[in-house]
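Trainee: Could we go through this one together? I'd like to know what stands behind each label we put on it.

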Amino acid sequence: MSRVVFTVGDDVSTDVIYPGRYMATVLPTETPQFAFADHQEFNTRLKAKTVPPGSALVGGINFGCGSSREQAVSCLKGHELMIVARSFARIFQQNAINLGLNIVEVPDLEAADGDELEIAGERLVNKTTGKSFSIVKLPKARQAIIDAGGLIAYTRKRLLGGSA
Amino acid sequence: MSITMGMTVVEKILARATGKESVRVGDVVEPAVDLAMSHENAALVINQFREIYQGTPLEPKPWDPERIAIIFDHRVPAESPKTATNQKKIRDFVGLQGIDKFHDIRGDVGGICHQILPESGYVLPGAVVVGTDSHTTSHGALGAFAFGIGATEMASVWALGTVLNVEVPATIKVIVKGRFKKFVGPKDLILHLIGKLSAKGANFRVLEFHGPTIKAMSTSGRLVICNMSVEAGATAGIVPADEETKRYLRQEAGVKGKITHVLPDKDAAYEQVVEIDVSALEPQIACPHTVDNVKPIKEVAGKKINQVVIGSCTNGRLDDLEVAASILKDKKVADGTRMLIFPASARIYAKALTKGYVGTFMKAGAVVMNPGCGPCLGVHEGALGDGEVALSTTNRNFKGRMGNPNSEVYLCSPAVAAASAITGTITSPRKGA
């Protein structure tokens, strides 16, 4: 079960997720402090560790649009958030898969702050409202990267002659 | 499955890059990479690259240093010890690995990656180009399949020389007709198209540009439309190579070798066809805080602006500076408005100096900065104050983009930027418009 800790609208850009002025910081160990830096209340909660791992961040359409900056993924991954959105921008989605950020695409999603979400097979259930929604399954080729434990492990396997 | 169905440009490029006869939308392929570009985020790529080799007996050597390009542009000269140290780390790596396509902070060969690649002749039609920057779509202007990837993906490319698990994208054909009115151009066209398609309209898709307006457009203009294709979500924008492409590569980029045009088949399958007639198009403005919030200039004319920016990988080329200089000649930037100009490369800067544009800008009161990304991504210089408004020829107006979430950014063409700098308000360069 994942509690919704933060909701945002459509077209949330990587500049909102991870403002450009922090881009000199690149290490995944250091980026989480700047997650949603301009949403001070949420950022403060994240930094104070009052958001339990596995909590859900709910987004609208085109979540993560804009820049290719991987910090926008590593900063969320550092807090072990699950990102549930109606759709994701391409580069953000690929970066999330590569780094192992838990993203779930739910086109008809309806969820508000405080709602409890649960994944049941190919459906996402909003336990608070009782509604359930279908999850868009990732193509096999992308799932393979997740199953390998991310792109670094996947590429390493390939280099060593494995059939990645 | 039809056996005779034609291919789009990107399908043809991917077939070539995977050694296949043909590929189809949705196929998962692993294309060989012709050019892999990074900027300062190469610091993260290097970390991830070394991580791949952890615990293996293999030495971390990139597959082909000749096919790697690294250009410093996002924070030049360094704004902080952190950036300076990252840049130093990259320099060391470049030296160690023998990467020749390296453009350091220099007044002769430096500049923004998306200008350096074309002007250096690094990108040829039919190439597969990846870059750790979303505006890598720019290079579709030369008929290449060019797309943005993350740093870890790039580390994988450095290791393997291929991009793993690429799904062949569907293509939207954009046919552009008509002649632009005076002071209306490629930037207005692409803003109009983004407004029409929306910020997600081309997500996971390629925009392939056709039509007489594109045929008549310079490579500089094509770079503008391909650059901003990503703002409609597109994986890539692409203009099939033609005589103009060849002219640019030979005359401006000094390419001596063979140039092969990769063209779409007549019966290529497009997901959608969009037609645009630019004859009646007025200057377009993207309003805060999304790039698809596009309005004709008359709806926002008169809006007070504090800062005008001309530059970036979108609109910092010589023709952009030329039109701005023609408007600013013997005029003054309005009191209460500051104007910052960033040529896209050192080469452009030098030409602008020779042609007298730099002098015109300085006389008008504009500040001409060194080539680089500058204030576009709010990381380095030219930040906005609380409640301030910028009008900029850059490519994004997301909240906080110019370094301050309590500010606004409007996007426009160089002509609109120049005309507006004089009045201090959003102003059409077209009299009476």
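**Strands, core and contacts**

Mentor: Start in chain A, where strand S6 (residues 123-126) and S7(A) run antiparallel and are joined by four bridges. This is a predicted model, in which local features need pLDDT of at least 70, side-chain atom pairs count only at pLDDT 80 or more, and totals for chains, interfaces and linings use all residues. Residues are numbered from 1 along each chain as its sequence is written, while chains are lettered from A and ligands numbered from 1 in the order in which they are written.

Trainee: What makes S6(A) and S7(A) a pair?

Mentor: Strands (DSSP runs of E, at least two residues, numbered from the N terminus) pair if DSSP finds at least two bridges between them. S6(A) and S7(A) have four bridges, so by that definition they pair. Within S7(A), Ser132(A) stands opposite Val125(A).

Trainee: Why are S4(A) and S7(A) said to stand at the edges?

Mentor: The open sheet has seven strands in the order S4-S3-S2-S1-S5-S6-S7 (chain A), with mixed pairing. Strand S4 (102-105) and strand S7 (131-134) of chain A each have a single partner strand, so one side of each has no neighbour in the sheet.

Trainee: And what is the order of the four strands in the open sheet of chain B?

Mentor: That order is S10-S9-S8-S11 (chain B), with parallel pairing. Strand S10 (236-238) and strand S11 (272-277) of chain B are at the edges, because each has a single partner strand. S10(B) pairs with strand S9 (residues 205-210) of chain B over three bridges, and there Leu207(B) has Gly237(B) as its bridge partner.

Trainee: What makes a nonpolar core, and which residues have the most contacts inside the largest one?

Mentor: A core is a set of buried Ala, Val, Leu, Ile, Met, Phe, Trp, Tyr and Cys residues joined through C-beta atoms within 7 Å. Buried means 20 or more other C-beta atoms within 10 Å of the residue's own, with C-beta atoms placed from the backbone. The largest core has 190 residues, and Ile83(A), Val84(A), Phe145(B) and Tyr410(B) have the most contacts inside it.

Trainee: How many residues of chain B are in contact with chain A, and how do you know?

Mentor: Contact requires C-beta atoms, placed from the backbone, within 7 Å. On that basis, 46 residues of chain B are in contact with 38 residues of chain A. H5(B) gives the most to that side of chain B, with six residues.

Methods
Two residues are in contact if their C-beta atoms, placed from the backbone, lie within 7 Å. A residue is buried if 20 or more other C-beta atoms lie within 10 Å of its own, exposed if 12 or fewer, and partly exposed in between; C-beta atoms are placed from the backbone.
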